[in-house]
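Visitor: I am new to this structure and would like to understand the words used to describe it. Could you take me through them with care?

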Amino acid sequence: MAIPEGRVCAINFLPLKEGVALEEFERFSAELDQPTCLAQDVVEGFDAYAVRHRDGEAPAFDVVEVMTVSDWAEWERVRDGLEEMKPVIEAWDQLVDGDGARTVFATPIAPKG
């Protein structure tokens, strides 16, 4: 299935690289990733959530990010071409196990009425 056109929500399930502390990612997300992304007109919303362990079991992912953009193709153009995004991408590559990351694309279901 292709990525939907127009407004889309990307839900990222992110495992951290071996040896990376969750607090390190939290700092990166709060201080660099979210502010830089939210400063872009195409980004309508961006929240990140630390996945906490339950009942002694380790979750498959350490972080869940939810980003809503007005247009995915425009977001890709901004993400890949904007100078301000380079430090974000470099830090993300150092912290996140990209091979284990998964993204689900969703479109809103509006209530009737």
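Visitor: At what angle do helix H1 and helix H3 pack, and how far apart are their axes?

Guide: This is a predicted model, in which local features need pLDDT of at least 70, side-chain atom pairs count only at pLDDT 80 or more, and totals for chains, interfaces and linings use all residues. Residues are numbered from 1 along each chain as its sequence is written, and side-chain values use heavy atoms, with hydrogens and water left out. Helix H1 (residues 22-38) and helix H3 (residues 86-95) pack at an angle of about 155 degrees, and their axes are 10 Å apart. Helices (H or I, at least four residues) and strands (E, at least two) are DSSP runs, numbered from the N terminus, while axes are lines fitted to C-alpha atoms, for helices over the stretch in contact, with angles running from 0 to 180 degrees between N-to-C directions.

Visitor: Why is H1 called roughly antiparallel to H3?

Guide: The angle between H1 and H3 is about 155 degrees, and angles under 35 degrees count as roughly parallel, over 145 as roughly antiparallel, 65 to 115 as roughly perpendicular and the rest as oblique; therefore H1 is roughly antiparallel to H3.

Visitor: Which residues of H1 and H3 meet?

Guide: Glu24, Phe25, Phe28, Leu32, Asp33 and Thr36 in H1 meet Pro87, Val88, Ala91, Trp92 and Leu95 in H3, where contact means heavy atoms within 4.5 Å. The residues of this contact of H1 with H3 divide into eight nonpolar, one polar and two charged, with Ala, Val, Leu, Ile, Met, Phe, Trp, Tyr, Cys and Pro counting as nonpolar, Asp, Glu, Lys and Arg as charged, and the others, Gly among them, as polar.

Visitor: What makes Thr36 count as buried?

Guide: Thr36, in helix H1, has a relative accessibility of 14%, and buried means under 20% relative accessible area, exposed over 50%, partly exposed in between (1.4 Å probe, protein chains only), so Thr36 counts as buried. Leaving aside neighbours within four places in sequence, Thr36 is in contact with Glu84, Met85 and Val88.

Visitor: How do you know whether Ser29 and Val63 are buried or exposed?

Guide: Ser29, which is also found in helix H1, counts as buried because its relative accessibility is 3%, and Val63, in strand E3 (residues 63-69), counts as buried because its value is 2%. Apart from neighbours within four places in sequence, Val63 is in contact with Asn12, Phe13, Leu14, Leu16, Leu22, Phe25, Tyr49 and Val51.

Visitor: Why is Asp41 called exposed, and why Arg77?

Guide: Asp41, placed in the loop between H1 and E2, has a relative accessible area of 79% and is therefore exposed. Arg77 lies in helix H2 and, because its relative accessibility is 53%, counts as exposed too.

Visitor: Which residues touch the most other members of the largest nonpolar core?

Guide: That core has 24 residues, and Leu16, Phe25, Val43, Met67, Val69 and Trp75 touch the most other members; a nonpolar core is a set of buried Ala, Val, Leu, Ile, Met, Phe, Trp, Tyr and Cys residues joined through side-chain atoms within 4.5 Å. At least two residues of this core come from each of strand E1 (8-14), H1, strand E2 (43-50), E3, helix H2 (72-81) and H3, and H1 gives the most, with four residues.
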